[in-house]
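Biologist: I have a model open and would like to go through its packing with you. Could you take me through it piece by piece?

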Amino acid sequence: MIAGEQYSGGKLEWGDMNYRLRYGLCVLILSSLPSLAPAAPTPQASKTDEDILITVGDTGRRGGRLLASLHSDPKTLNPVTAVDFPSKQVIGLLFADLIHIDAYTQRTEPALAKSWKASASGRHYTLELRHGVRFSDGHPFDADDVVFSFKVYQDEKLHSPQRDLLEVAGKPIQVRKTGPYQVDFDLPQPYAAAERLFDSVRILPRHLLERAYAEGKISQVWATTSDPSQIAGLGPFRLKQCVPGQQIVLERNPFYWKADPSGIRLPYLDEIGFLIVPTEDAEVIRFQAGDVDLISRIGADNYATLEQAQRARDYQLYDAGPGLEYNFLFFNLNDLSSKQLPDIARKQEWFRRVEFRQAVSAAIDRDSIVRLVYRGRATPLWDQVTPGNKLWINAAIPQPARSLARAADLLRTAGFTRRGDGVLVDGRGQPVEFSILTNPSNAQRTKIATIVQDDLAQLGMQVHIVPLEFQAVMARIFGSYDYETSVLGLVGGDADPNPEINVWTSGGATHVWALSETHPVPEWQTEIDRLMQAQTAMLDYPKRKQAYDRVQELVAQFDPVICLVSPHVLVAAKNTVGGFKPAVMGDYLLWNADQLFRTDIAGRR
Amino acid sequence: MIQNPKLWLSAVALALIHLVVIGAGLFAPYDPTEQNRDLSMAPPMRIHFFDSRGRFHFRPFVCPWVAEAERAIPSGYVEDCNKASPLRLLVRRVTMRDGNTLKASWHLFGVDAPAQIFLMGTDDYGRDLFSRLLYGGQTSLGAGLLAAGLSLSLGLLLGCVAGYFGAWADDVIMRGAELFMALPWIYLLFAVRAFLPLHLGTRQAFILLISVIGLTGWARPARIIRGVVLSARQRGYVLAARGFGASSVSIIRRHILPEVSSVALTQAALLVPQYILAEVTFSFLGLGVGEPEPSWGNMLASLQTYSVLEGHWWMFASGIALVPIFLLFYSFADSLQGRLQLLDLSR
């Protein structure tokens, strides 16, 4: 599904025609094959009354087990309350959503909803659900489960992290059952790419949770110690065993609603296990020792270590290219009038000068950051959208090479001069001296700060690195505003501009450099605010793209933050892992866990 | 002293090490903060006496490292002996900016620019590890000596007061000492750091480190010195001096302090390595002297990553340097104690 074509054609009947064609063909093929459509309703075989989704691509082999790792135990297996990464990773394999964002193509694709339609106004959506789908305990799935799930996620008493996503313009999305397999969604106002909202809203089994919800106990259910038979989802796997601090084992969901082109019901694997390995270094050692089959989120240093030993070992390394993470240096531009921070307020006079920020940007050697910090496994950035974001990158953003001469010119324009001893001073003769706040636990950001320190010293700026514990850094950035500059990294949500609103608009919860904006707001910031808000209601992709392109231009031109690099997504897997297709968003490795298989087994149907 | 070669040898060795560290400006070939971004993590250079044809050269030479393969980031380096540079003594280095000389300095050894010599290899940013080791020693060894001086002075003062005057002064000081002994240094440093301005210069960070280590470390020497003073004040000559009307200050200065000097000196030799280690620990954790200034602790910080630990053995340099220094200090303390006991016996 190409979003651009869809929007530009003005077609508002959404859904993937390719998928539907494929689906139609597959039903035809399946129904003509007696061996695949037996009369007896066994979960292992496809049935003609089941809306099976047929995947594309290579076919794999059934059976076998894969071992991955998690840095800590999941806090819960309850999708309503899960916020930590390990929980979300495991939950992603146990549950399914209505419409899914394909991590590889970054586009939406049908999941439990086989198709969907939007009204001409863009405010009403009708989703057609798959027939004959069953939860992992064998119970049938229908529209009641969808209505129940949304009711739970939107319940303000539960504080579910999905609740914010299911609000448009501050009002909740209305959900109505219009048939046993049809659900209507009413949005308070048109919302661009509304179908992306359904991604990661995991459908819950009403038959298991309705009672707990009625009793107000739903947030307490499905701890990692719960009886696996009491947990049921629509994902490719179901819980088999959880040993806190050691491992989690998931087994194949025999009722899963996908099959491969040859008719084998997915997932291929019998089991996926997660070992609890607390650090990346330990993870790499266990991978080298052959204890785990795949690892994701490898740092560039460890990637280089694995690369050196690769020839002698039976694994493959993958550099999937820049992800959606962007690292940036930012100045404290908060309104400090109510704070007792006169020294920082004085330095803000420099930070607020566009030429000053541009000079800093021009002086930073991004290529060195890429080479020295990421060993070449990163991409330099001049705005917030990384090359990993295929749909939204503005290729026209200039990427000027490092130039100390241009930086010096900009500083001269802004009234800065260099003293005889080389120190840069402002118009009042005050030396330009400031600090960069980092947390030593993140070695890469500390290294970035060290390179920036040396680069800016060549302009005569005296830069100090202040290492503080991560929580203390966050407390200063989000609470006391007692800092001068810092280096942070953000991940661009689901690759769509909508989740970025919080970062780029004034008053956004992650508008980190100016959580409390001074007034009057600069013109370019006002324009960003207007464009970001406007694009949320544009249903036409080219128009949205145009608006977001302009936001990127403004960010690159006025440098509210100085974008530096986007680290590459680096993963590794043993040669015996088949169907391996690392993506740059979501779960880099296990996003297609249902299609992973072992190449070293004979396989069975 | 000659009668005790162990004492003599360790004292001379320690003096030499400190001399080299103090004279880092001369002994180190480069500025410790100077980056060579094309030579990140280069291994130590070999000093050659024989060229590729096997001919011997009286003047040793080094071959520069070049990237192993044409890649964005080299996975390794190889020697290019076609561009060998002879080692020279007393080399003058000039740092230029905008065509003007910014800094000129003499170095004991080096090679002619643009060639470079990295005796101990380079770190992540291509900084010369040998130069950083020497300059880092100024911070780490200096912090050890100064903090030991501070805590020993305090220990001496409070130990003498507690031991000599006894009564409530003894109670207050000794309970205070127990409190300080129970204080966890690292958390104290965290707490103190939280109250201080956001960024501290290298000098302030250094002073802060010494203060925290020195001010919290007085308790142990104070307790030992108090014990010695308690015994000394009962001695006949002290009682006699008191009988003749000598003031307490005079008695402590003339009769008690000489008594405790041997203990104090041994304590010093034991405290210095302990405090060097404290500084290294703080800087290793990012609480001490910050980048780009070197300290043996922050130089070791990169070893927290598996890849450095596994593939870049030369990054252990500052950790390895601690071993002989600690052994020398302990050997010195041991010999000193032995000698002072002999002196006591002969009195």
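**Packing in the model**

Modeller: Bearing in mind that this is a predicted model, we can begin with helix 8 of chain A, whose buried residues pack against helix 9 (354-363) and strand 21 (433-438) of chain A.

Biologist: Which are the buried residues of helix 8 of chain A?

Modeller: Within helix 8, which spans residues 342-351 of chain A, the buried residues are A:Ile344, A:Lys347 and A:Trp350.

Biologist: And why are they on the same side of helix 8 of chain A?

Modeller: Because the arc that they cover around the axis is only 90°, they end up on the same side of helix 8 of chain A.

Biologist: Switching topic, which residues touch the most other members in the largest nonpolar core?

Modeller: That core has 171 residues, and those touching the most other members are A:Leu98, A:Leu294, A:Leu564 and A:Val571. Its largest share comes from strand 24 (residues 561-574) of chain A, which supplies 10 residues. Another core, of 77 residues, lies apart from it and includes B:Leu209, B:Leu270, B:Met315 and B:Ala333.

Biologist: What is A:Leu98 in contact with, leaving aside its neighbours within four places in sequence?

Modeller: With those neighbours set aside, the contacts of A:Leu98 include A:Ala111, A:Leu112, A:Ala113 and A:Leu127, and also A:Val146, A:Phe198, A:Val201 and A:Ile203.

Biologist: Now the chains: how many residues does the contact take from each of chain A and chain B?

Modeller: Chain A contributes 28 residues to the contact and chain B contributes 23 residues. On the side of chain A that touches chain B, the residues divide into 10 nonpolar, 10 polar and 8 charged.

Definitions and conventions: Residues numbered from 1 in each chain as written. Chains lettered and ligands numbered in written order. Predicted model: local features only at pLDDT ≥ 70, side-chain atom pairs only at ≥ 80, totals over all residues. Core = buried A, V, L, I, M, F, W, Y, C linked by C-beta atoms within 7 Å. Buried ≥ 20, exposed ≤ 12 C-beta atoms within 10 Å, placed from the backbone. Helix = DSSP H or I, 4+ residues; strand = E, 2+ residues; numbered from the N terminus. Contact = placed C-beta atoms within 7 Å. Nonpolar A, V, L, I, M, F, W, Y, C, P; charged D, E, K, R; others polar. Arc of directions from axis to C-beta.
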